[in-house]
Amino acid sequence: MNNTQWLDEVKFNEQGLIPAIAQHHQTGRVLMVAWMNRESLALTAEKNQAVYYSRSRSKLWHKGEESGHFQTVHEIRLDCDADVIVLQIEQHGGIACHTGRESCFYRRLTSNGWEIVDAQLKDPNQIYGEKSENAHSKVMNASTAQAEQVDVLHYLGQMMAERKSADPDSSYVAKLYHKGLNKILEKIGEESFETVIAAKDFKQEATLDHQNDLIYEVADVWFHTIVMLGYFDLDIQLVLNELARRQGLSGLVEKANRTH
């Protein structure tokens with residue numbers, strides 16, 4: 001969905017948020033309630049997967065990114081006051097609640113107070129792993145399948161073009177563009193330094209956590225260099241073309257052919 005004019009009809013609150021109710025697309029059962037901002041709602045409509053906004057972490061939250069319990073969105077509805085969203089979703093894994101239950105609404109009011117009426121389908125420790133597990137490892141494992149299905153570079157290129165003219169408060173990238181080139185270059189420097197540290201750590205101790213840390217930091221460097229290319233309105237394909245051109249050239253020949 002490329003046309004985003006429909007977002008202008010949505011009434012976000014003072015914090016730029018709107019409540020979103022996730023409802024099973026077949027049974028109609030309410031599975032959870034979360035918050036969305038303009039960006040997460042647009043991504044949900046574009047990708048047909050639920051993307052929320054975490055108020056506690058102040059960041060976008062792709063449902064299932066840690067648990068693997070993604071939500072495929074079949075339909076998005078807006079209420080009469082335009083201030084509540086309902087998502088008709090298919091819940092992968094059959095678990096929407098972080099407690100390991102189908103629904104977050106698993107307690108019913110009885111004469112004795114709140115009574116748990118839904119069984120726990122899976123232990124949360126089995127879903128999310130032990131608290132000591134490296135967070136990067138969890139995200140890496142959950143996102144591998146997605147990366148195989150998405151042209152990531154193409155998507156990032158489109159996203160940069162959209163963020164350049166967006167409200168600085170609407171996203172991290174828009175805020176970077178608003179702050180200007182020096183801030184973008186500063187972030188590239190920071191992430192490059194962190195990549196060096198991660199590489200040294202991996203060299204010293206070749207554990208899975210250190211491997212994932214290194215991959216994570218390299219991804220940060222790539223991401224911020226793509227932001228920089230977007231600042232100059234340079235297409236990522238130009239870099240890919242240059243890499244392709246170098247195929248078949250030795251490193252020494254390529255260096256000798258450069259113009260300064």
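I count a contact when heavy atoms lie within 4.5 Å. I looked at contacts in the protein chain between residues at least 6 apart in sequence, and 50% of them join residues at least 24 apart.

**Ground rules**

I am working on a predicted model, where local features need pLDDT of at least 70, side-chain atom pairs count only at pLDDT 80 or more, and totals for chains, interfaces and linings use all residues. I number residues from 1 along each chain as its sequence is written, and side-chain values use heavy atoms, with hydrogens and water left out.

**Whole chain**

I found nine helices and eight strands in the protein chain. Helices (H or I, at least four residues) and strands (E, at least two) are DSSP runs, numbered from the N terminus. I looked up the accessible surface, by the Shrake-Rupley method with a 1.4 Å probe. It comes to about 16400 Å² for the protein chain, and 52% of that belongs to carbon and sulfur atoms. I call a residue buried under 20% relative accessible area, exposed over 50%, and partly exposed in between (1.4 Å probe, protein chains only). Of the 260 residues in the protein chain, 31% are buried.

**Loop between H1 and S3**

I checked Asn-48 in the loop between helix H1 (38-47) and strand S3 (51-54). Its phi is near 60°, a positive value in a residue other than glycine. Asn-48 is partly exposed, because its relative accessible area is 41%.

Gln-49 is in the loop between H1 and S3 too. It has a relative accessible area of 23%, so I list Gln-49 as partly exposed. I then looked for its partners beyond four places in sequence: Gln-49 is in contact with Leu-43, Thr-44, His-62, Phe-70, Gln-71 and Val-73. Gln-49 and Phe-70 are 21 residues apart in sequence, and their C-alpha atoms are 7.2 Å apart in space.

**Loops on either side of S4**

I found Ser-58 in the loop between S3 and S4. Phi of Ser-58 is positive, near 55°, in a residue other than glycine. Ser-58 has 51% relative accessibility, so it counts as exposed.

I went on to His-69, in the loop between strand S4 (59-62) and strand S5 (71-78). His-69 counts as buried because its relative accessibility is 9%. Leaving out residues up to four places away in sequence, His-69 touches Lys-63, Gly-64, Gln-91, His-92, Gly-93, Ile-95 and Ile-127.

I take axes as lines fitted to C-alpha atoms, for helices over the stretch in contact, with angles from 0 to 180 degrees between N-to-C directions. Angles under 35 degrees are roughly parallel, over 145 roughly antiparallel, 65 to 115 roughly perpendicular and the rest oblique.

The axes of helix H5 (residues 172-179) and helix H6 (residues 181-204) are 5 Å apart, at an angle of about 120°. H5 and H6 are therefore oblique to each other. Tyr-172, Leu-176, Tyr-177 and Lys-179 in H5 meet Lys-183, Ile-184 and Lys-187 in H6. I sorted the residues of this contact into four nonpolar, no polar and three charged. Here Ala, Val, Leu, Ile, Met, Phe, Trp, Tyr, Cys and Pro count as nonpolar, Asp, Glu, Lys and Arg as charged, and the others, Gly among them, as polar.

I turned to helix H7 (residues 208-231), whose axis comes within 11 Å of the H5 axis and crosses at roughly 55°. H5 and H7 are therefore oblique to each other. In H5, Tyr-172, Val-173, Leu-176 and Tyr-177 meet Phe-223, His-224, Ile-226, Val-227, Gly-230 and Tyr-231 in H7. The residues of the contact of H5 with H7 are eight nonpolar, two polar and no charged.
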